[in-house]
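I opened a new notebook page for this structure. The entries below follow the order in which I looked things up.

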Amino acid sequence: MSYIEEVRASVNARDAGQPEFLQAVDEVLSTIRPVVESDDAYRRNAVLERITEPDRQIIFRVPWMDDKGVMRVNRGFRVQFNNAIGPYKGGLRLHPSVNLSIIKFLGFEQIFKNSLTGLPIGGGKGGSDFDPKGKSDNEIRSFCQSFMTELARHIGADTDVPAGDIGVGAREIGFMYGQYKRLKNVYEGVLTGKGLTYGGSLARTEATGYGLVYIVENMLEAAGDSVNGKTIAISGSGNVAIYAAQKATSLGAKVVTMSDSSGWIYDPKGIDLDVVRDIKEVKRGRIKEYADRVKSAEYHVTDPDKNTPKVWSVKCDIALPCATQNELDENDAKLLIKNKVTAVGEGANMPSTTAAIEAFQKAGVLFMPAKAANAGGVAVSALEMSQNSQRLAWTFNEVDERLKGIMKGIFDKTAEAAAKYAKPGDYVSGANIAGFLKVAAAMIAQGV
């Protein structure tokens, strides 16, 4: 049995009840084989066993008080996966679906994503099964303060620097940062995604969406094409989706779909982002309201039990899944291929199933995986850390130019690794291999 198969069997046996984590591990192991089998140093140093097992997994109780005076309890997580190249770095997700498997898959992906940025940051992830939807500001504050009361003992500016993710925006980061300061009596860059008045970075909100479009543009340019004039289908309506739509529109594309957990909209004239931002960022409403306000739009309810159509049923040139993991399955991929999609860029973390990715690659669709495509957010988070350390604040254009350069660097590394170890244009293998090589070299250099 090969070294990779030994580790795969061991991880499957140890973490049998963690399907999302196993999916993420399997994708990486299946693509880095040419590298691992070329050098016995990886086996001698147990690199694969170490890289697939977190440094530590922290699970804790989060008690908080609702507006009726009733005490509620949720479960909190922080998985510190690998700090071979820098302090643990990764977001905090608040969503009812959060469990150890999801946090581990996200933390494992973060190792390679952070490595690709070229910045000195390791991989981690955290969150809770708390649902912020429908909660008042007081309830959100109560939860966030309780969550940080426990988390604070495990993080620090040079140890572990969390950021936002699904369910964690400026409001939640603000409440958590305030509590951290009260507990530690230090003003440091322990969280990123902070407000601009207390150490946040310009362009951080836009970073993941902008970065996604930048790298998709790099991928298209390498194939002699561009985003200009293309019709784009986007899922989601959070930061990633909104700012991917904004950047794509500025480059001459037309975005025709967006969604949330209840349903999706189709606007053949092009999504009016001012309306979406008012609904989502100001009123914290549902995407259905867009169709009530824009006459050219259609609204479609999402019902998984009835197999209702998704945004991927709309004819488009480029698809950008920006909602959540495994949202785009094999049937969606085949429908997109049938409708002549030319490129797919993953804005969310692991939004395409393994079968969907295989279908895209078999059909010759340009495909940029999440590790590379959505690294813009963590890249600017690392730039925020740098600004905090230097007590500086860069302009929006300075940060945006750095982001553009980082995404070009990620594309170049991914394309180079694909050409050297797999085949030109296999960006899934390229991203995994390029991310792995740097982390593995650091692990070996530092000893067991």
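**Entry 1: E109**

I began with E109, which touches A24 and K371 when residues up to four places away in sequence are not counted; contact means heavy atoms within 4.5 Å. I found E109 in helix α6 (residues 100–116). Buried means under 20% relative accessible area, exposed over 50%, and partly exposed in between, with a 1.4 Å probe and protein chains only.

**Entry 2: the source**

I noted that this is a predicted model, in which local features need pLDDT of at least 70 and side-chain atom pairs count only at pLDDT 80 or more, while totals for chains, interfaces and linings use all residues. Residues are numbered from 1 along each chain as its sequence is written, and side-chain values use heavy atoms, with hydrogens and water left out.

**Entry 3: L22**

I then looked up L22, which lies in helix α2 (residues 19–31). Buried or exposed, at 16% relative accessibility? L22 counts as buried. Leaving aside neighbours within four places in sequence, I listed V11, N12, D15 and A16 as its contacts. I also checked L22 against I102: they are 80 residues apart in sequence, and their C-alpha atoms are 10.0 Å apart in space.

**Entry 4: helix α8**

I checked the length of helix α8 (residues 170–184): at 1.5 Å a residue its 15 residues should span 21 Å, and the end C-alpha atoms are 21 Å apart, which agrees. The expected span is 1.5 Å times one less than the number of residues. Buried residues in α8 include R171, E172, I173 and F175. I asked what covers the buried residues of α8. The cover includes β3 (88–94), α7 (137–151) and β5 (160–163). Just after α8, I noted a positive phi of about 55 degrees at N185.

**Entry 5: the whole chain**

I recorded 18 helices and 12 strands in the protein chain. Its radius of gyration is 21 Å, close to the 22 Å that the globule rule gives for 448 residues, so the chain is as compact as a globular protein of that length. The radius is taken over C-alpha atoms, and the rule is 2.2 Å times the number of residues to the power 0.38. Along its principal axes the C-alpha trace spans about 65 × 55 × 45 Å. Buried residues make up 57% of the 448 residues.

Definitions and conventions. Helices (H or I, at least four residues) and strands (E, at least two) are DSSP runs, numbered from the N terminus.
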